[in-house]
Amino acid sequence: MTSELDIFVGNTTLIDEDVYRLWLDGYSVNDAVALRVRSGILEQTGATAGVLQSDTMDHYRTFHMLERLLHAPPKLLHQLIFQIPPSRQALLIERYYTFDEAFVREVLGKKLSKGTKKDLDDISTKTGITLKSCRRQFDNFKRVFKVVEEMRGSLVDNIQQHFLLSDRLARDYAAIVFFANNRFETGKKKLQYLSFGDFAFCAELMIQNWTLGAVGEAPTDPDSQMDDMDVDLDKEFLQDLKELKVLVADKDLLDLHKSLVCTALRGKLSVFSEMETNFKNLSRGLVNVAAKLTHNKDVRDLFVDLVEKFVEPCRSDHWPLSDVRLFLNQYSLSVHSLDGFRHQVLWDRYMGTLRGCLLRLYHD
(Lines give C-alpha, C1' and ligand atoms only; values in the text may rest on other atoms or scores of the structure.)
Protein backbone atom coordinates (compact mmCIF):
# COMPACT_ATOMS: atom_id res chain seq x y z
CA MET A 1 0.00 0.00 0.00
CA THR A 2 1.44 3.30 -1.02
CA SER A 3 0.70 6.55 0.79
CA GLU A 4 0.85 9.99 -0.71
CA LEU A 5 2.71 12.79 0.99
CA ASP A 6 2.41 16.42 -0.05
CA ILE A 7 5.64 18.35 0.44
CA PHE A 8 5.99 22.12 0.32
CA VAL A 9 9.47 23.63 0.09
CA GLY A 10 10.04 27.31 0.77
CA ASN A 11 13.06 29.47 1.39
CA THR A 12 11.51 32.52 3.03
CA THR A 13 13.62 33.63 5.99
CA LEU A 14 11.47 33.53 9.12
CA ILE A 15 11.75 36.51 11.45
CA ASP A 16 10.42 36.27 15.00
CA GLU A 17 9.80 39.85 16.11
CA ASP A 18 10.03 39.02 19.82
CA VAL A 19 13.41 37.30 19.43
CA TYR A 20 14.61 40.16 17.22
CA ARG A 21 13.72 42.61 19.96
CA LEU A 22 15.67 40.56 22.52
CA TRP A 23 18.67 40.47 20.18
CA LEU A 24 18.49 44.24 19.62
CA ASP A 25 18.24 44.78 23.38
CA GLY A 26 21.59 43.02 23.74
CA TYR A 27 20.54 39.87 25.57
CA SER A 28 22.67 36.73 25.24
CA VAL A 29 21.07 33.57 23.84
CA ASN A 30 20.71 32.09 27.34
CA ASP A 31 19.13 35.26 28.73
CA ALA A 32 16.81 35.45 25.73
CA VAL A 33 15.76 31.82 26.25
CA ALA A 34 15.06 32.50 29.92
CA LEU A 35 12.91 35.51 29.06
CA ARG A 36 11.02 33.52 26.43
CA VAL A 37 10.36 30.72 28.95
CA ARG A 38 9.11 33.31 31.43
CA SER A 39 6.69 34.62 28.81
CA GLY A 40 4.97 31.23 28.74
CA ILE A 41 5.96 30.24 25.22
CA LEU A 42 6.60 26.59 26.14
CA GLU A 43 3.04 26.19 27.40
CA GLN A 44 1.62 28.06 24.41
CA THR A 45 3.46 25.99 21.78
CA GLY A 46 4.12 22.66 23.51
CA ALA A 47 7.80 22.95 22.60
CA THR A 48 10.59 21.60 24.77
CA ALA A 49 13.33 23.69 26.37
CA GLY A 50 15.85 22.17 23.95
CA VAL A 51 13.80 23.15 20.91
CA LEU A 52 13.40 26.68 22.29
CA GLN A 53 17.17 26.94 22.81
CA SER A 54 17.84 25.79 19.23
CA ASP A 55 15.17 28.12 17.83
CA THR A 56 16.64 31.10 19.65
CA MET A 57 20.18 30.26 18.54
CA ASP A 58 19.01 29.88 14.95
CA HIS A 59 17.35 33.30 15.01
CA TYR A 60 20.43 34.89 16.58
CA ARG A 61 22.65 33.43 13.84
CA THR A 62 20.30 34.85 11.20
CA PHE A 63 20.30 38.30 12.82
CA HIS A 64 24.08 38.26 13.08
CA MET A 65 24.37 37.51 9.34
CA LEU A 66 21.82 40.21 8.52
CA GLU A 67 23.58 42.85 10.62
CA ARG A 68 26.23 43.71 8.02
CA LEU A 69 23.39 44.36 5.55
CA LEU A 70 21.54 46.50 8.07
CA HIS A 71 24.59 48.77 8.24
CA ALA A 72 23.78 49.75 4.64
CA PRO A 73 20.00 49.13 4.31
CA PRO A 74 19.78 49.39 0.49
CA LYS A 75 22.01 46.28 0.35
CA LEU A 76 19.36 44.37 2.29
CA LEU A 77 16.82 45.19 -0.39
CA HIS A 78 19.02 44.06 -3.28
CA GLN A 79 20.69 40.95 -1.83
CA LEU A 80 19.45 37.47 -2.87
CA ILE A 81 20.67 35.31 0.01
CA PHE A 82 17.78 35.99 2.39
CA GLN A 83 14.26 35.86 0.99
CA ILE A 84 12.52 38.45 3.15
CA PRO A 85 9.26 40.16 2.14
CA PRO A 86 9.53 43.98 1.74
CA SER A 87 7.34 44.63 4.81
CA ARG A 88 9.68 42.49 6.91
CA GLN A 89 12.73 44.23 5.49
CA ALA A 90 11.27 47.59 6.49
CA LEU A 91 10.57 46.28 10.00
CA LEU A 92 14.13 44.94 10.38
CA ILE A 93 15.64 48.27 9.31
CA GLU A 94 13.33 50.50 11.35
CA ARG A 95 13.80 48.54 14.56
CA TYR A 96 17.55 48.22 14.08
CA TYR A 97 17.87 52.01 13.95
CA THR A 98 15.32 52.74 16.67
CA PHE A 99 16.97 54.08 19.83
CA ASP A 100 16.18 54.50 23.51
CA GLU A 101 15.23 57.96 24.78
CA ALA A 102 17.37 57.48 27.90
CA PHE A 103 20.41 56.64 25.78
CA VAL A 104 20.15 59.43 23.24
CA ARG A 105 19.77 62.01 26.03
CA GLU A 106 23.15 60.93 27.39
CA VAL A 107 25.02 61.42 24.10
CA LEU A 108 23.01 64.18 22.36
CA GLY A 109 25.29 67.03 21.34
CA LYS A 110 28.48 65.13 22.11
CA LYS A 111 31.13 64.34 19.55
CA LEU A 112 30.49 60.89 18.09
CA SER A 113 34.06 59.74 18.67
CA LYS A 114 36.04 57.06 20.48
CA GLY A 115 36.17 59.33 23.52
CA THR A 116 32.40 59.29 23.89
CA LYS A 117 32.28 55.57 23.12
CA LYS A 118 34.50 54.95 26.17
CA ASP A 119 31.69 56.39 28.32
CA LEU A 120 29.20 53.76 27.20
CA ASP A 121 29.94 51.52 30.21
CA ASP A 122 28.85 54.32 32.54
CA ILE A 123 25.83 55.15 30.37
CA SER A 124 24.78 51.50 30.40
CA THR A 125 24.98 51.40 34.19
CA LYS A 126 23.10 54.69 34.56
CA THR A 127 20.28 53.89 32.12
CA GLY A 128 19.93 50.13 32.65
CA ILE A 129 20.35 49.58 28.89
CA THR A 130 22.69 46.69 28.07
CA LEU A 131 26.18 47.67 26.92
CA LYS A 132 25.69 45.78 23.66
CA SER A 133 22.54 47.79 22.90
CA CYS A 134 24.32 51.05 23.83
CA ARG A 135 27.10 50.20 21.38
CA ARG A 136 24.64 49.39 18.59
CA GLN A 137 22.79 52.67 19.09
CA PHE A 138 26.00 54.71 19.29
CA ASP A 139 27.44 53.03 16.20
CA ASN A 140 24.18 53.73 14.34
CA PHE A 141 24.39 57.44 15.24
CA LYS A 142 28.02 57.57 14.14
CA ARG A 143 27.34 55.64 10.91
CA VAL A 144 24.49 57.92 9.85
CA PHE A 145 26.53 61.01 10.77
CA LYS A 146 29.53 59.91 8.68
CA VAL A 147 27.40 59.12 5.64
CA VAL A 148 25.41 62.37 5.54
CA GLU A 149 27.65 64.98 7.18
CA GLU A 150 29.18 66.21 3.90
CA MET A 151 26.15 65.79 1.68
CA ARG A 152 24.36 68.75 0.18
CA GLY A 153 20.60 69.04 0.20
CA SER A 154 17.95 68.04 2.70
CA LEU A 155 19.35 66.23 5.71
CA VAL A 156 16.15 64.25 6.25
CA ASP A 157 15.96 63.26 2.57
CA ASN A 158 19.60 62.14 2.57
CA ILE A 159 19.04 59.99 5.64
CA GLN A 160 15.89 58.44 4.17
CA GLN A 161 17.63 57.74 0.86
CA HIS A 162 20.66 56.03 2.38
CA PHE A 163 19.07 54.31 5.39
CA LEU A 164 15.44 53.80 4.30
CA LEU A 165 14.03 55.02 7.61
CA SER A 166 10.49 56.26 8.21
CA ASP A 167 9.96 60.00 8.02
CA ARG A 168 9.70 60.34 11.81
CA LEU A 169 12.83 58.32 12.54
CA ALA A 170 14.77 60.11 9.79
CA ARG A 171 13.82 63.45 11.37
CA ASP A 172 15.04 62.21 14.74
CA TYR A 173 18.36 61.18 13.20
CA ALA A 174 18.58 64.57 11.47
CA ALA A 175 18.33 66.19 14.92
CA ILE A 176 21.03 63.88 16.29
CA VAL A 177 23.36 64.68 13.36
CA PHE A 178 22.64 68.42 13.65
CA PHE A 179 23.33 68.45 17.40
CA ALA A 180 26.50 66.38 17.04
CA ASN A 181 27.82 68.66 14.31
CA ASN A 182 27.14 71.88 16.23
CA ARG A 183 27.99 70.38 19.65
CA PHE A 184 25.02 71.92 21.49
CA GLU A 185 25.25 71.49 25.25
CA THR A 186 22.39 69.34 26.54
CA GLY A 187 23.86 67.68 29.62
CA LYS A 188 23.85 70.52 32.15
CA LYS A 189 21.71 69.97 35.24
CA LYS A 190 19.34 72.81 34.38
CA LEU A 191 18.58 71.13 31.03
CA GLN A 192 17.80 67.70 32.42
CA TYR A 193 14.05 68.37 32.46
CA LEU A 194 14.08 68.57 28.66
CA SER A 195 13.40 65.45 26.61
CA PHE A 196 15.01 64.39 23.35
CA GLY A 197 11.71 65.35 21.70
CA ASP A 198 12.10 68.92 22.98
CA PHE A 199 15.58 69.22 21.49
CA ALA A 200 14.57 67.49 18.25
CA PHE A 201 11.71 69.96 17.84
CA CYS A 202 14.15 72.88 18.18
CA ALA A 203 16.64 71.21 15.85
CA GLU A 204 14.01 70.94 13.14
CA LEU A 205 13.18 74.64 13.48
CA MET A 206 16.84 75.64 13.28
CA ILE A 207 17.48 73.39 10.27
CA GLN A 208 14.49 74.96 8.52
CA ASN A 209 15.43 78.57 9.32
CA TRP A 210 19.03 79.02 10.45
CA THR A 211 21.08 76.85 8.09
CA LEU A 212 22.36 77.48 4.57
CA GLY A 213 19.70 75.11 3.32
CA ALA A 214 17.06 77.37 4.84
CA VAL A 215 17.85 80.21 2.44
CA GLY A 216 18.20 77.87 -0.53
CA GLU A 217 21.46 79.29 -1.84
CA ALA A 218 25.15 78.56 -1.73
CA PRO A 219 27.34 80.66 0.58
CA THR A 220 28.91 83.76 -0.94
CA ASP A 221 32.27 83.05 0.68
CA PRO A 222 34.28 80.83 -1.72
CA ASP A 223 36.02 79.20 1.23
CA SER A 224 32.73 77.87 2.55
CA GLN A 225 31.50 76.22 -0.62
CA MET A 226 31.80 72.85 1.07
CA ASP A 227 29.54 73.80 3.96
CA ASP A 228 26.70 71.32 4.29
CA MET A 229 23.37 72.98 3.63
CA ASP A 230 21.30 71.45 6.43
CA VAL A 231 24.06 70.48 8.85
CA ASP A 232 25.91 73.77 9.36
CA LEU A 233 24.43 76.97 10.70
CA ASP A 234 24.51 79.90 8.27
CA LYS A 235 27.59 81.82 9.43
CA GLU A 236 26.61 85.01 7.56
CA PHE A 237 23.25 84.94 9.31
CA LEU A 238 24.93 84.49 12.70
CA GLN A 239 27.24 87.41 11.97
CA ASP A 240 24.32 89.61 10.93
CA LEU A 241 22.53 88.91 14.21
CA LYS A 242 24.83 91.42 15.89
CA GLU A 243 22.76 94.10 14.13
CA LEU A 244 19.85 93.26 16.46
CA LYS A 245 21.83 94.65 19.40
CA VAL A 246 20.44 98.10 18.57
CA LEU A 247 17.08 96.97 20.00
CA VAL A 248 18.52 97.06 23.52
CA ALA A 249 21.52 99.39 23.05
CA ASP A 250 19.34 102.27 21.79
CA LYS A 251 17.38 103.47 24.81
CA ASP A 252 14.67 105.12 22.70
CA LEU A 253 14.07 101.93 20.70
CA LEU A 254 14.01 99.83 23.86
CA ASP A 255 11.52 102.16 25.55
CA LEU A 256 9.30 102.28 22.46
CA HIS A 257 9.39 98.52 22.08
CA LYS A 258 8.36 98.12 25.72
CA SER A 259 5.57 100.66 25.32
CA LEU A 260 4.17 98.91 22.23
CA VAL A 261 4.19 95.50 23.91
CA CYS A 262 2.66 96.77 27.17
CA THR A 263 -0.07 98.69 25.35
CA ALA A 264 -1.03 95.62 23.34
CA LEU A 265 -1.02 93.23 26.31
CA ARG A 266 -2.56 95.34 29.04
CA GLY A 267 -5.48 93.43 30.51
CA LYS A 268 -4.54 90.26 28.61
CA LEU A 269 -1.78 88.84 30.82
CA SER A 270 -2.23 87.46 34.34
CA VAL A 271 1.41 88.42 34.97
CA PHE A 272 1.26 91.84 33.33
CA SER A 273 2.97 93.74 36.18
CA GLU A 274 5.79 91.19 36.31
CA MET A 275 6.20 91.42 32.53
CA GLU A 276 6.24 95.21 32.62
CA THR A 277 8.84 95.23 35.39
CA ASN A 278 11.12 92.66 33.75
CA PHE A 279 10.60 93.58 30.09
CA LYS A 280 14.00 95.19 29.59
CA ASN A 281 15.88 92.33 31.26
CA LEU A 282 14.00 89.75 29.19
CA SER A 283 14.56 91.70 25.98
CA ARG A 284 18.27 92.15 26.70
CA GLY A 285 18.53 88.43 27.35
CA LEU A 286 16.87 87.44 24.06
CA VAL A 287 18.79 89.97 21.96
CA ASN A 288 22.14 89.31 23.62
CA VAL A 289 21.78 85.59 22.92
CA ALA A 290 21.51 86.50 19.22
CA ALA A 291 24.47 88.88 19.31
CA LYS A 292 26.76 86.24 20.84
CA LEU A 293 26.10 83.47 18.31
CA THR A 294 29.20 84.41 16.31
CA HIS A 295 31.31 82.45 18.83
CA ASN A 296 31.34 78.64 18.81
CA LYS A 297 31.11 78.42 22.60
CA ASP A 298 28.02 80.60 22.67
CA VAL A 299 26.43 78.50 19.92
CA ARG A 300 27.09 75.40 22.03
CA ASP A 301 25.54 77.11 25.08
CA LEU A 302 22.41 78.28 23.23
CA PHE A 303 19.96 76.17 25.26
CA VAL A 304 21.69 76.94 28.54
CA ASP A 305 21.40 80.67 27.76
CA LEU A 306 17.73 80.44 26.74
CA VAL A 307 16.85 78.67 29.98
CA GLU A 308 18.89 81.09 32.11
CA LYS A 309 17.87 84.33 30.35
CA PHE A 310 14.20 83.61 29.69
CA VAL A 311 12.73 80.35 30.94
CA GLU A 312 13.96 80.58 34.54
CA PRO A 313 13.01 84.27 35.10
CA CYS A 314 9.50 83.66 33.73
CA ARG A 315 9.14 80.47 35.70
CA SER A 316 10.20 82.17 38.93
CA ASP A 317 7.40 84.71 38.36
CA HIS A 318 4.95 81.85 37.67
CA TRP A 319 4.12 82.80 34.10
CA PRO A 320 1.57 80.37 32.63
CA LEU A 321 2.45 79.03 29.19
CA SER A 322 -0.46 80.94 27.66
CA ASP A 323 1.05 84.23 28.86
CA VAL A 324 4.49 83.26 27.55
CA ARG A 325 2.93 82.61 24.15
CA LEU A 326 1.07 85.93 24.12
CA PHE A 327 4.17 87.83 25.20
CA LEU A 328 6.50 86.24 22.64
CA ASN A 329 4.01 86.78 19.82
CA GLN A 330 3.56 90.46 20.66
CA TYR A 331 7.24 90.97 21.46
CA SER A 332 8.16 89.67 18.00
CA LEU A 333 5.37 91.49 16.16
CA SER A 334 5.87 94.91 17.78
CA VAL A 335 9.34 95.27 16.30
CA HIS A 336 7.68 95.85 12.91
CA SER A 337 6.27 99.10 14.29
CA LEU A 338 9.68 100.49 15.28
CA ASP A 339 10.42 103.13 12.63
CA GLY A 340 14.09 103.35 13.52
CA PHE A 341 14.72 99.62 13.12
CA ARG A 342 16.00 98.43 9.72
CA HIS A 343 16.48 94.68 10.18
CA GLN A 344 12.95 93.27 10.06
CA VAL A 345 13.72 90.26 7.86
CA LEU A 346 16.69 89.30 10.03
CA TRP A 347 14.56 89.70 13.16
CA ASP A 348 11.80 87.48 11.80
CA ARG A 349 14.27 84.76 10.82
CA TYR A 350 15.75 84.83 14.32
CA MET A 351 12.65 85.25 16.45
CA GLY A 352 10.44 82.95 14.40
CA THR A 353 12.67 80.05 15.39
CA LEU A 354 13.47 81.30 18.88
CA ARG A 355 9.80 81.77 19.72
CA GLY A 356 9.01 78.18 18.76
CA CYS A 357 11.97 76.86 20.76
CA LEU A 358 11.15 78.88 23.86
CA LEU A 359 7.55 77.71 23.88
CA ARG A 360 8.79 74.13 23.67
CA LEU A 361 11.40 74.66 26.40
CA TYR A 362 8.94 76.34 28.74
CA HIS A 363 7.25 73.79 30.99
CA ASP A 364 5.04 75.74 33.41
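The model is a predicted one, and every value given here is computed from it. Its largest nonpolar core holds 113 residues, its aromatic rings form 28 pairs, and its count of disulfides is 0.

**The nonpolar core**

- Within the largest nonpolar core, which has 113 residues, the members that touch the most other members are Met-275, Phe-327 and Tyr-350.
- The helix that gives the most to this core is α12, which spans residues 167-182 and supplies 10 residues.
- When neighbours within four places in sequence are left aside, Tyr-350 is in contact with Trp-210, Phe-237, Leu-241, Leu-244, Leu-286, Val-289 and Ala-290.
- As general background, nonpolar side chains in soluble globular proteins tend to be buried together.

- Helix α9 covers residues 120-127, and its buried residues are Leu-120, Ile-123 and Ser-124.
- Viewed down the axis of α9, these buried residues fall within an arc of 100°, so they line one face of the helix.
- On the face of α9 that is turned away from the buried side, the exposed residues are Asp-122, Thr-125 and Lys-126.
- The buried residues of α9 are covered by elements that include α7 (101-107), α8 (114-117) and α10 (131-148).
- After α9 comes Gly-128, which has a positive phi, near 80°.

**Aromatic rings**

- Among the 28 aromatic pairs of the structure is the one formed by Tyr-20 and Phe-63, which is tilted, with 4.9 Å centre to centre and 55° between the planes.

**Cysteines**

- A disulfide is, in general, a covalent bond between the sulfur atoms of two cysteines.
- The structure has 0 disulfides, and for Cys-314, which is in none, the nearest cysteine sulfur is that of Cys-262, 13 Å away.
- Cys-314 has a relative accessible area of 1%, and it is therefore buried.
- The sulfur of Cys-357 has its closest cysteine sulfur in Cys-202, at 3.3 Å, which is too far for a bond because the cut-off for a disulfide is 2.5 Å.
- Cys-357 also counts as buried, because its relative accessibility is 3%.

- His-59 lies in helix α4, which runs over residues 49-70, and its relative accessibility of 8% makes it count as buried.
- A polar atom of the His-59 side chain lies 3.0 Å from the backbone oxygen of Asp-55.
- Not counting residues up to four places away in sequence, His-59 touches Leu-14, Ile-15, Asp-16 and Val-19.
- Arg-284 is found in helix α18, residues 272-291, and at 34% relative accessibility Arg-284 counts as partly exposed.
- With residues up to four places away in sequence again left out, Arg-284 touches Val-248 and Leu-254.
- Arg-284 and Ala-72 are 212 residues apart in sequence, and their C-alpha atoms are 48 Å apart in space.

Key: Residues numbered from 1 in each chain as written. Predicted model: local features only at pLDDT ≥ 70, side-chain atom pairs only at ≥ 80, totals over all residues. Heavy atoms only, no water. Core = buried A, V, L, I, M, F, W, Y, C linked by side-chain atoms within 4.5 Å. Buried < 20%, exposed > 50% of the residue type's maximum accessible area, 1.4 Å probe, protein only. Helix = DSSP H or I, 4+ residues; strand = E, 2+ residues; numbered from the N terminus. Contact = heavy atoms within 4.5 Å. Arc of directions from axis to C-beta. Polar contact = N/O pair within 3.5 Å; in protein donor to acceptor, adjacent residues only side chain to side chain. Phe/Tyr/Trp six-rings, centres within 6.5 Å; stacked < 30°, edge-to-face > 60°.
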